[in-house]
Amino acid sequence: MLLIQVTILIFVAVAGTGVVLTREPSSQTVAISFYGLLLALMFFIFQAPDVALSQIVIGAVALPLMIMLALARIRRDREQSERANKREEKKAA
Amino acid sequence: MSGTYLVPLPVVVPLSVAAILAGLNKFFPRRLADIFAMAATFATGAISLELAFLSRVQPIVYWFGGWTPRAGVALGISFAIDPIGASFAALVSLLVLAALIFSLRYFDSVGTLYHVLMLVFLGAMCGFCLTGDLFNLFVFFELMSASAFALCGYKIEEPESLQGSLNFAITNTVGAFLVLTGIALLYGRTGALNMAQIGRSLGTHADGLVITAFVFIMSGFFIKAAVFPFHFWLADAHAVAPTPVCVLFSGVMVELGLYAVIRVYWAIIDGPFASHRPDLRALLLVVGTITALLGGIMCFGQRHIKRLLAFSTVSHMGLMVIGFALLKPEALAGLALYVVGHGLVKGALFIIAGILLHRLGTVDELELHGRAKDMPISSTIFLIAGLGLAGLPPFGTFLGESQVEHSAGALGFGWVSIVFFIAALLTAGAVFRVWAHVYRGWGDVRGAEKSGSKKIHDKRETRKGQPRPFEMHFAAGVLVALAIAVGLIPGLKHEAKTAALLMQDRAAYQARVLDHAWVPVAQANEPHESEMASLARSTAAAVLAFAFGIFAVSRFWPKKSVVSRPVDVLISILRKPHSGHVGDYVAFLTFGVAAFGIVLAVLIVR
Amino acid sequence: MMHFMSFFPYAIAAWLFVMGLYGIVTSRNFVHLIICLAVLQSSTYVVLLSIGYRWGGVPPVFAGPPVGTPAVDPIVQALMLTDIVVEATVVALLLALAVQLHKHTQKLNPDELEALEG
Amino acid sequence: MNRTGRMVFFLISVAGFFAIYLWALRGLSPFGHYPGPYGDVLNKVAVYERHATDVVTAVNFDYRGFDTLGEEFILFISVIGATLLLRRQKSETEDGDQEDESPNRTAPAPSDATRALTLALIGPMVLFGLYIVCHGQLTPGGGFQGGVILATAPLLVYLAGDFESFKKITSHTLVEAAEAAGAGGYLLIGFIGMILGTFYLRNVFALGKTGEVNSSGTIAAISIATGLEVAAGFVLLLYGFLEQTLEIRLGGGKGGGKK
């Protein structure tokens, strides 16, 4: 048990660091989802099933979903402005 | 105890009305929503005031769910109501009411959502003032923040607004986690969340855990209170938030951050810190002084009126921190009165700025030069409010200021008066300068375009038309009148001092909350201080501030001369860190927490 | 091992807080920054969880084991539930602001925004 | 500050921060030795007093029910706030750019197999969510966790069909009303205690038999109100973001639903 606890704590620390150091938001979304699952697992190991359940539905599902949707919107903005730029270039040409 | 059934209402009434308005969003005509929201706010204010009166005799302890403590262990959540907390709740309601009146002509209100946000904001601040449970304090802190973030970013079409709100939201969220970490530390030590119980079981020894927990909680709340070096978000948020929201941010929300520190200090931390009070006093006096002077200088250097008023709030927060730093009942009483007086005056000033924006579509001092000559009512209220900001008798600000100065003098910190004087000179001076420029058209602003801070483009927040909006002037006028009335109520000073003694009496607080004991309220003895000296001093300060403001628009003001160059350099240096970059702000925040912690550790453990 | 474990979980909490701060300060993208804020918040989960833990304790659910079995602290778990809600809501609000900011400026890098200087 | 300056300043500061934090943590009792007394007292008495076997739920919805009320309203107001922040302004009623040229915008319609699978998942998902909501006082879970699970059901509809049918089930007005009803329901249950002459949020319902579904009095009722609020709240949140993302693909759509 002790060994499992130490392992999961190390995993959480490493994964947390990894999430911060992942600079690309879309891969970071995957990372935070994984991190959320690890946290849920940790809560479970440390005898907090109620919290683990919340963490799975929020941290591993709802939160990454919101981030994904926000990123999709941002990507759309980019595409749109790029298209607008191209159109202007065409006009200029 | 009489009136106990009233206790949950200041929180529950606004939240209920918010839920109704949100649920029936589509079916509520705008005006009906206005009426509902204002009625709920009025009721909340009346109940809070009644609670303030009732708790003068004996503070009211209320256990939600009826979970009274067993053998000194609190099982549930308590509200512990004393006059200072309840009066702040009443002040909150009053300013929300003023903001709602101002926003009667607010455009684009997105159904009733604006009202819902305002009401939840109100309920959260009331709960924040009344609670006696540390985690409950955090919950209301977050509730307050969540509604504040949304209100601040209301104008989603302006990039400045979004960036300002992001800076505000990020720094304040980091602050909330600092507070939560501090609470967790205290819980780990004492196994309790009720403030009275933590205070009782914490003992009297200040070790690393206690010091750090206090530093975390204090820093977290100081972020909300915009104390140096945590103040950066404030000007950004104020410059961009809608005017009625500014009224609440500057008038009460920021002050509530300090209120929480005071509550936590006297209920919990004073036990272990009692023998280290001089150390804490030294730290807080320095921090307060820096905040007051920095805020004052930055205030004077602004041309965007809302940003100028925001920095004046920073400066006045510094003065309030000084009031807390003295750790004396008289200073605390003065601080409480000062919060009330300042909140009313600042609310009025923001409303007048909002009227300028409504009428002329900008709040840039130089652009507005001479354009408001035909607005005599605004002009008069702005001038009077400026005098109130300077602490002219008989404003509530004067009453508070004189008590803080008196208390400081008794402790041998006479120089505090000078800080108050300089802050008044700079902040009120800036307000008078704006008045002279905008409402009088005095001075020459050609060539001044390049000076001053960067311009921020504002868009009109209100529907055009009706050049003299009665209800806006009404709201501002009532606030200013109340600010004067506060200073004239006979015996208020005495009441405030009794309330301050009550707030600082840790043993009695614990007995009331945990043992259900009736402890007689200690009455403050009548002070024997000479009124005349402080009366003369404050009047002189206000007059000098006025003269300073007028001097700043006159042709004798040194522009680009040998005298002003070092000042310009100073201002440009001070302006550097106010970069609008959230990374900078969080770096300063980290620095502040670390510095507070290390300084207190060195002072206490040495 | 036991001795090592008596402090290790706390240290993890402190580490996550510091990493969260580091991410926020160095961030070049507001979405990244918001995720770092979530990491910072997970530090509070770890510290709360560690404080309430008890060696050999069962979860505070007495559907199986009888009342009186040594159990871990239920209070911190209730606090953590609140904490998780706070995380979700704050992230939602911040993301909404970031989405709007990008819509209006096409920028998400705090280094490139200069609207609020001085 | 430039990046390097900020970095150096931050690293120095954060070293101090880390140090005082660690210093504080050393003052805690060693890991695994929870000192009490709050949690221990409740572990002892909660089951007898509240007839709820899950003490965490008893703490959440009864002993510290007022915290949870605040927490519900944090969610409530964030949903309102996000709706407000993601609203569509007048200037972008149809969000411009109708001449969307990129063909890859329209994602491929889900295959029939995927469709059937997702639709088949919805029923169990709803049941599971309801189960979690109703058994909060007995086993891990409760209104909050169950509510989020319930909120995923309409999302599955979206995955199976498209945004339009998602919109149809999640009639904005109705979901908004449901959210407010959940939050208001919590407040109302609190009032019952006051009307009966005791304290706000007093658990005044019959406590029932420990271990049964309709036990623990108001805890179960509050759990259901919370479930409603959370489910509706998360649907609205996801709706807000989805709408921002997908309006183009669906040719505009109706917009934020309000003016």
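A residue is called buried if 20 or more other C-beta atoms lie within 10 Å of its own, exposed if 12 or fewer do, and partly exposed in between, with the C-beta atoms placed from the backbone. The legends below concern a predicted model, in which local features need a pLDDT of at least 70 and side-chain atom pairs count only at pLDDT 80 or more, while totals for chains, interfaces and linings use all residues. Residues are numbered from 1 along each chain as its sequence is written, and chains are lettered from A and ligands numbered from 1 in the order in which they are written.

**View 1. Chain A and its three helices.** Chain A has 3 helices and 0 strands, where helices (H or I, at least four residues) and strands (E, at least two) are DSSP runs numbered from the N terminus. Read from the N terminus on, its elements follow the order α-α-α. Of the 93 residues in chain A, 47% are buried. Along the principal axes, the C-alpha atoms of chain A fill a box of roughly 70 × 25 × 10 Å. The radius of gyration of chain A is 19 Å, whereas a compact globule of 93 residues would have one near 12 Å; this radius is taken over C-alpha atoms, and the globule rule is 2.2 Å times the number of residues to the power 0.38.

**View 2. The strand pair of chain B.** Strand S1 (residues 60-63) and strand S2 (residues 78-81) of chain B pair in the antiparallel sense over 4 bridges, a pair being two strands between which DSSP finds at least two bridges. Across the pair, B:Tyr62 stands opposite B:Phe79, and B:Val61 has B:Ala80 as its bridge partner. In a regular strand the side chains alternate between the two faces of the sheet. From S1(B), B:Ile60 and B:Tyr62 point one way and B:Val61 and B:Trp63 the other, and all are buried. From S2(B), B:Ser78 and B:Ala80 point one way and B:Phe79 and B:Ile81 the other, and all of these are buried as well.

**View 3. The surroundings of B:Cys129.** B:Cys129 lies in helix H4 (residues 113-130) of chain B, and it counts as buried because 29 C-beta neighbours are found inside 10 Å. Leaving aside residues up to four places away in sequence, B:Cys129 touches B:Gly85, B:Phe88, B:Ala89, B:Leu256 and B:Tyr259, where a contact means that the C-beta atoms of two residues, placed from the backbone, lie within 7 Å. B:Cys129 and B:Ala86 are 43 residues apart in sequence, yet 6.8 Å apart in space, C-alpha to C-alpha.

**View 4. Helix H16 of chain B and the residue that follows.** Helix H16 (residues 416-440) of chain B has 25 residues and reaches 34 Å from its first C-alpha to its last, close to the expected 36 Å, a span defined as 1.5 Å times one less than the number of residues. H16(B) is mostly covered, with 22 of its 25 residues buried. Just after H16(B), B:Gly441 takes a positive phi of about 75°.

**View 5. Where chain D meets chain B.** Among the 5 pairs of chains that touch, chains B and D have the most contacts. Here 57 residues of chain D are in contact with 63 residues of chain B. By contrast, no contact joins chain A and chain B, whose closest C-alpha atoms lie 14 Å apart.
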